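Let's take a walk through a protein model together. Keep the picture open while you read, and try to find each spot as it comes up.

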Amino acid sequence: MQWFAIYVFLLDVANWFKISCSASEFSLQGDYLLGGFFSLNIVLKPELQSYPVTLECHRYQFDESSYQMFQVMRFAVEEINNSTTLLPNVSLGYEIFNHCSDTLNFPSVFSFLSQNGSFPVLRNFNKYQPKVIAVTGPYDSTTTITVAPFFMMDLIPMVNYGSSSYDLSNKLLYPSFVRTVPSNKDLIDIIIRIIKWFRWNWVAFIGSQDDYSQDGLSLFYQYIRGNDICLAYQESLSFKSDYHATLKTIEKLKIKIIVVFSSEVIAENLIRAAINYNIRDKVWIAGEGWSMNKMLSHEPGIQNIGKIFGITEQFTSLPGFDKFINKTRKYSDDDEECSGCEGQSPQEKTCNQVCDNCTKLSSEEILNESTTFCFPVYAAIYSMAHALHNILHCDSSGCNKNVTVYPFMLLKEIKKLNFSLNGRQIKYDVNGDPPVSYAVVLWHPGTSSQVFEVVGTYDTYPEIAFTINSSLILWDNDGSVPFGNCSVECKEGFQREKDRNHDCCFRCKICSSNTYVNHTRDPYTCVPCSTDEWSQEGSIACQRREIMYLSFTDPLSVLLIASAASLVLLCIAITILFLYNYNTPVVKSAGGSMCFLMLVSLIMSSISLFFFFGQPTVIRCVFRNMMFCCFYSICLSCLTVRSFQIFCVFKMAAKFPEAYKRWVKHNGQWLVITIVSVFQFILCVLWVSATAPAPSRDESSYEDQIILGCSRGNIGIFLVVVFLIVLLSFLCFFFSYMCADLPKNYNEAKSITFSILFFYISWCLYFTANMISQAVYIQLLYAVAQLSSLYGIMLSYFIPKSYVVVFQPKKNTQAYFQTSIQNYTQNISRT
């Protein structure tokens with residue numbers, strides 16, 4: 001019996017060692033079991049399987065970062081078990097598997113779903129209790145999408161810490177999936193914000209051949225459509241891809257901004273290829289998967305490839321984690337002594353719960369790894385614990401263990417959670433996604449101090465807030481933000497012309513005159529100026545057009561007004577002079593009473609000139625044209641009749657005595673003047689009645705001016721009026737020219753000829769200038785032509801006679817005139 005007792009004691013000791021050995025870091029007993037998937041090893045090149053077998057993860061490359069996350073789960077469970085408030089008198093356990101393959105690690109999934117080692121086929125699973133009440137992991141999206149359907153059927157909560165594919169937010173497909181990391185939707189959103197912050201638009205998107213990258217690319221396509229960003233090039237790389245060809249294409253397309261949204265291994269290969277092929281001066285935007293890769297940041301030559309911006313979860317410390325790691329490392333030797341466990345037969349071991357490299361890591365190596373996903377793991381475990389706390393109705397006195405906990409109950413409580421953890425808010429929206437709290441880090445490769453510097457933040461709780469501290473970014477060369485656009489920005493006054501292939505690419509074309517371009521409103525359109533505005537070629541705004549008309553204050557206008565006023569006064573003075581000397585030969589030879597009609601006509605025609613000045617109105621337009629045409633026609637008809645009389649007296653009276661007698665008897669001169677005057681007056685009335693001259697705006701002659709003037713009114717009647725004036729002037733000129741050799745005292749014909757020539761010259765000059773230019777001063781020239789016509793009559797016809805009356809009274813006698821006639825008669829008879 002004594003030996004039997006000793007045997008039993010030794011057997012118990014052996015069993016104790018066996019339990020301690022088997023209960024390694026991968027498992028822990030507890031009242032409620034949590035499942036964990038961590039990719040402690042990386043399968044770089046999957047091998048073709050020739051027979052059915054589960055992949056042994058420990059045979060592949062070890063990943064220190066995943067092992068750190070693995071330890072965070074263990075630390076969180078230990079911290080919760082030691083808490084007296086969260087789950088008092090309740091212990092959490094865990095079962096963790098090394099999940100390193102997308103498709104060959106299903107035994108671990110079946111282990112979690114099993115109940116007492118079996119997995120029954122049932123119709124309803126609402127009362128089914130699997131081995132675990134919830135799981136966390138796996139890390140990457142492709143693996144998660146592969147295994148998630150197994151847990152969705154039983155509504156077992158998958159509180160994920162690393163999978164960001166936006167497809168997993170679809171609650172119709174993944175109803176029990178929640179995560180503590182933002183989705184790709186948020187990650188792409190911050191990438192777009194970074195690109196827009198620096199006003200880049202010509203971007204390459206490099207991914208890997210997995211669900212994570214394809215999901216990111218799809219979201220990137222959606223986001224850039226409304227943000228004026230062009231995807232210049234995109235590529236999904238694998239391990240066998242030609243990285244050099246990809247980089248060569250990027251260089252050929254002159255792309256400066258490269259988004260690398262891929263798995264960590266692909267990103268490492270791409271960056272190393274960029275270093276080897278001497279790619280320089282790029283801006284790399286790292287996805288969350290490799291944004292804190294410390295090993296890559298110390299790669300020789302990486303500082304030459306350009307600036308690298310990383311996007312990562314904002315740093316949240318885990319108080320006590322370093323002590324936990326130091327404590328667990330003390331037992332590493334004991335773990336090695338348990339290596340005899342590995343000598344057990346394969347049937348006694350659980351697949352992928354073996355870690356040959358775990359015990360070789362020191363505390364410093366674990367703690368120095370990137371902490372990007374540490375807090376998400378920590379938050380995932382605490383989310384499970386808080387949900388369990390609510391189900392078990394825990395309080396300070398303890399928890400109600402009599403409550404049967406089913407996974408779907410835990411899921412329901414997880415969706416309701418809203419608590420603070422280490423200063424971060426833990427809650428989930430309707431898609432099972434958490435509030436976003438990202439940090440934008442700038443790499444400082446090759447430095448021994450701060451390799452990753454936080455230069456920006458992005459938060460969605462309590463509201464969306466994004467900012468980048470540009471002062472922390474020291475750009476190369478001249479210190480300015482590198483040019484990352486397809487086309488150089490157009491200069492002011494140039495519009496963009498879109499490229500057929502890319503909206504971000506354009507050519508620049510200068511805006512024509514009287515158009516402008518506003519780059520902030522619409523850089524693609526040259527907007528026409530309004531009718532009251534103008535612009536030069538290549539303008540960014542329109543200017544007000546100057547309204548031009550003949551003002552009273554213009555120096556030339558003042559001169560013309562003074563001239564017209566002088567003419568009126570002169571006419572009045574001569575009228576008085578002629579009235580006083582009405583019976584003298586000079587006045588009678590000038591026409592007698594006809595002179596006064598001519599002088600009145602000249603006065604009225606001169607008054608019409610005052611209507612040229614000031615802003616045109618209907619009254620001004622009517623009087624400036626009709627008044628001159630009407631009264632100048634009367635004056636011209638008098639001159640015509642007067643020249644005809646002289647011609648008849650000296651040339652035709654002797655040949656046609658009867659006709660001449662009838663002319664004298666019936667006052668032919670007044671009859672002609674009356675008919676012409678009445679006819680012209682009727683025409684002017686019809687002119688005004690049909691379509692009166694009215695104010696007009698000349699907006700086409702000058703870009704910067706609007707010329708205010710007067711229209712011609714009814715063109716047909718206007719031409720008839722003008723034709724009558726021209727006809728009278730022609731007849732007047734003809735008769736006066738035929739009498740050019742008359743006696744000197746009766747030689748009014750020469751004066752009339754000169755006045756008509758002056759009339760022709762003035763109006764020829766006006767019409768010539770009017771054909772060349774339409775400036776406001778053409779109207780002034782029009783007034784000058786009218787005034788010249790009037791002064792021509794005054795200076796050539798009335799002034800010489802007034803001079804004789806005033807200064808040469810000896811010539812203003814009947815005897816003097818008789819002598820002149822006799823001398824002319826004798827000369828004619830001799831010839």
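## A buried charged pair

Arginine 74 and glutamate 25 are both buried. This is a predicted model, so treat every value here as computed from it. The two side chains form a salt bridge, and their closest N and O atoms are 3.6 Å apart. Arginine 74 sits in helix 2, while glutamate 25 is in the loop between helix 1 (2-22) and strand 1 (27-28), so this pair ties together parts of the chain that are 49 residues apart in sequence.

How many salt bridges does the structure hold? There are 16, and the next section visits some of them.

Look for glutamate 251 and lysine 282, which form a salt bridge with their closest N and O atoms 2.5 Å apart. Here too, distant parts of the chain are linked: glutamate 251 belongs to helix 7 (residues 243-252) and lysine 282 to strand 12 (residues 282-286), 31 residues apart. Are these two buried or partly exposed? Lysine 282 has a relative accessibility of 4%, so it counts as buried; the cut-off for buried is under 20%.

Another pair is arginine 507 and glutamate 497, whose side chains meet in a salt bridge at 3.9 Å from N to O. Arginine 507 is in strand 20 and glutamate 497 is in strand 19 (residues 494-498), so the pair ties together parts that are 10 residues apart in sequence. With a relative accessible area of 52%, arginine 507 is exposed, whereas glutamate 497 is partly exposed at 28%. Salt bridges can also share partners: Glu268, Arg272 and Glu299 are joined into one network that way.

## Two helices side by side

Now find helix 20 (residues 668-691) and helix 21. Two packed helices are described by the angle between their axes and the distance between those axes. For this pair, the axes come within 9 Å and cross at roughly 155°. Angles over 145 degrees count as roughly antiparallel, and that is why helix 20 and helix 21 are described as roughly antiparallel to each other. As for handedness, helix 20 passes helix 21 in a left-handed crossing.

## A nonpolar patch on the surface

Which residues form a nonpolar patch on the surface? They are Phe723, Leu727, Phe730, Leu731, Phe734, Tyr737 and Met738, and together they have about 700 Å² of accessible area. Take leucine 731 as one of them: it lies in helix 21 (residues 715-738). Its relative accessibility is 31%, so leucine 731 counts as partly exposed.

Most residues other than glycine have a negative phi, and most peptide bonds are trans. So where does this chain do something else? One place is the peptide bond from glycine 137 to proline 138, which is cis, with omega near -5°. Proline 138 is in the loop between strand 6 (134-136) and helix 4 (141-153). A cis peptide bond also joins tyrosine 461 and proline 462, with omega about 5°. You'll find proline 462 in the loop between strand 17 (452-459) and strand 18 (465-468).

Asparagine 89 isn't a glycine, yet its phi is positive, near 55°. This residue is in the loop between helix 2 (64-81) and strand 5 (92-98), and asparagine 89 is partly exposed with a relative accessible area of 47%. Asparagine 514 has a positive phi too, about 65°, although it is not a glycine. Its place is the loop between strand 20 (506-510) and strand 21 (515-518), and asparagine 514 is partly exposed with a relative accessible area of 28%.

## One last stop

Finish at isoleucine 778, which is found in helix 23 (residues 776-807). Is isoleucine 778 buried or exposed? Its relative accessible area is 11%, so isoleucine 778 is buried. Now locate glycine 709, which is 69 residues away from isoleucine 778 along the chain. The C-alpha atoms of these two residues are separated by 10.0 Å.

Conventions: Residues are numbered from 1 along each chain as its sequence is written. This is a predicted model: local features need pLDDT of at least 70, side-chain atom pairs count only at pLDDT 80 or more; totals for chains, interfaces and linings use all residues. Side-chain values use heavy atoms; hydrogens and water are left out. Patches are made of residues with over 30% relative accessible area and no salt bridge: like charges are joined within 9 Å, nonpolar side chains (Val, Leu, Ile, Met, Phe, Trp, Tyr) within 5 Å. Accessible areas come from the Shrake-Rupley method with a 1.4 Å probe; for residues, only the protein chains shown count as cover. A salt bridge is a side-chain nitrogen of Lys or Arg within 4 Å of a carboxyl oxygen of Asp or Glu. Helices (H or I, at least four residues) and strands (E, at least two) are DSSP runs, numbered from the N terminus. Buried means under 20% relative accessible area, exposed over 50%, partly exposed in between (1.4 Å probe, protein chains only). Axes are lines fitted to C-alpha atoms, for helices over the stretch in contact, and angles run from 0 to 180 degrees between N-to-C directions. Angles under 35 degrees count as roughly parallel, over 145 as roughly antiparallel, 65 to 115 as roughly perpendicular and the rest as oblique. A crossing is left-handed if the near helix is turned anticlockwise from the far one by less than a right angle, and right-handed if clockwise.
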